[in-house]
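Keep it plain, and group the points by topic.

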Amino acid sequence: MSTDDSPLAAPRVSPGSQSSPNPGLGKDARRRVLWGSFIGNFVEWFDYAVYGYLASTIAAAFFPDSDRQTALLATFAVFAISFFVRPLGGFVWGHVGDRLGRRTALSISILIMSGATFCIALIPSYSLIGVGAPIILLVIRVVQGFSAAGEYAGASAFLVEYAPAHRRGMYAAVVPASTAAGLLLGSLLAAVLSVVLSAQQMADWGWRLPFLLAAPMGLIGRYIRTKLEDTPVFRELAHDDKLDHAPVKDMFTRHWASLVLAVGAVLLNAVGFYVILSYMPTYLSTELGFGATESFVATTIALVTYIGFIFLTGLASDRFGRKRVLITASVLFALLTVPAFMLLDAGNFAVILLVEIFLGGMLTLNDGTLPSFLAELFPTRIRYSGFAVSFNLANALFGGTAPFVATLLIGVLHTKLAPAWYLVAAALISLVAVLCAKETSRKPLAQ
């Protein structure tokens with residue numbers, strides 16, 4: 001193996017990989033790029049938010065009337081199993097994105113994902129078709145997981161490849177902001193429905209309403225994406241006939257070190273995102289006895305501040321570098337997560353709200369920086385594959401399973417602080433991975 005082929009060697013940078021890959025991009029085109037990247041993740045995480053926030057109601061609809069924790073564990077297990085197919089989706093969509101273009105992959109995936117989300121609203125309940133209900137739910141969520149596997153990675157690569165070198169962090173921050181916005185809408189709808197509808201109405205049909213919105217949102221996203229050109233750096237590779245014919249193979253043989261570091265860096269994001277932003281309302285109401293409505297309201301307010309923090313983090317990563325911001329996030333989580341969870345048990349709404357805002361702010365230091373860091377870690381010819389496989393592998397193993405593991409650990413260890421210690425462990429692993437990585441900000445994108 002030559003020096004240039006070593007997985008630890010810096011990827012080659014061509015003269016065409018300039019600081020501003022598309023200096024002539026107009027305001028309207030820039031707006032379409034931003035919205036086209038935003039909408040797919042928005043739909044995806046809106047679905048996950050609704051599923052997480054209405055987990056107790058969904059458990060009653062699709063599983064036998066057994067004890068509360070068993071039904072809830074079964075609901076979160078379906079949530080987790082759907083994530084196990086995401087690495088496969090990462091391989092497929094990464095290959096499509098690196099071979100046929102980012103726009104092609106994103107335009108197809110959003111249709112499959114939004115269609116599957118819509119179908120959840122149409123599944124008959126357990127009382128009508130018995131065991132068929134959870135089986136259909138599982139199949140649909142597997143389809144969702146497969147199709148959604150390319151969204152986050154594809155949108156991040158798309159934005160980073162369009163952005164000037166000194167603004168890549170800010171551009172890429174649109175992607176986690178879209179996930180938080182999807183969670184925000186899901187939280188708002190869940191809160192409104194829990195207030196407007198009775199418990200019986202929610203159980204009978206109310207929980208289905210949010211899933212019906214996925215179809216029109218998916219069609220809007222598809223329309224926006226078909227009006228976009230692919231990224232300048234990808235079109236340059238295609239024009240020069242330099243596209244990688246086997247990007248996944250190249251990723252494993254020549255860039256395996258970057259892949260390992262990427263998975264480690266994503267670990268804190270995977271666990272933290274689902275514990276803090278998706279599982280938290282269930283944790284507050286189920287484990288701490290907080291009212292369901294108050295739990296939704298606290299999470300909703302925290303999400304609003306989270307979106308603002310995300311863009312500040314994007315700016316900070318452009319100014320101070322990706323590594324500094326990611327290291328800060330890991331250290332803060334390792335030191336402060338357990339004390340923060342101890343404060344949640346105070347039972348005071350104001351304290352719980354402040355703790356959620358604080359935890360969300362810490363998470364944005366990781367979440368707002370990660371898309372640009374991962375996209376810059378891999379060269380253009382395998383960027384989609386490298387990002388999609390590493391991101392989805394970490395989320396399949398540790399993200400989608402986070403609500404299930406948190407609920408299980410509480411029962412096994414008999415402590416409400418179990419989710420906090422789980423976050424601390426994830427933070428320490430991510431810290432080691434980021435420390436081993438090279439700084440990627442402001443450097444030309446490698447081909």
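A nonpolar surface patch of about 660 Å² is formed by I108, L111, I112, V131, I135, V139, V143 and L219. A patch is built from residues with over 30% relative accessible area and no salt bridge, where like charges are joined within 9 Å and nonpolar side chains (Val, Leu, Ile, Met, Phe, Trp, Tyr) within 5 Å. A salt bridge is a side-chain nitrogen of Lys or Arg within 4 Å of a carboxyl oxygen of Asp or Glu. Accessible areas come from the Shrake-Rupley method with a 1.4 Å probe, and for residues only the protein chains shown count as cover.

The model is predicted: local features need pLDDT of at least 70, side-chain atom pairs count only at pLDDT 80 or more, and totals for chains, interfaces and linings use all residues. Residues are numbered from 1 along each chain as its sequence is written, and side-chain values use heavy atoms, with hydrogens and water left out.

**The surface patch**
- Helices α5 (102-120) and α7 (132-148) each supply at least two residues of the nonpolar patch; helices (H or I, at least four residues) are DSSP runs, numbered from the N terminus.
- L111 is found in helix α5 and is partly exposed at 34% relative accessibility; buried means under 20% relative accessible area, exposed over 50%, and partly exposed in between (1.4 Å probe, protein chains only).
- L219 lies in helix α13 (residues 214-226) and is exposed, with a relative accessible area of 56%.
- L219 and S372 are 153 residues apart in sequence and 27 Å apart in space, C-alpha to C-alpha.

- In helix α2 (residues 55-62), six of the eight residues are buried, namely A55, T57, I58, A59, A61 and F62.
- Leaving aside neighbours within four places in sequence, F62 is in contact (heavy atoms within 4.5 Å) with I123, P124, Y126, A133, P134, L137 and W207.

**A loop residue**
- D241 has a positive phi of about 55° although it is not a glycine.
- D241 lies in the loop between α14 (232-239) and α15 (247-254) and is exposed, with a relative accessible area of 63%.

**Cysteines**
- The count of disulfides (pairs of cysteine sulfur atoms within 2.5 Å) is zero.
- C119 is partly exposed at 34% relative accessible area, and C436 is exposed at 54%.
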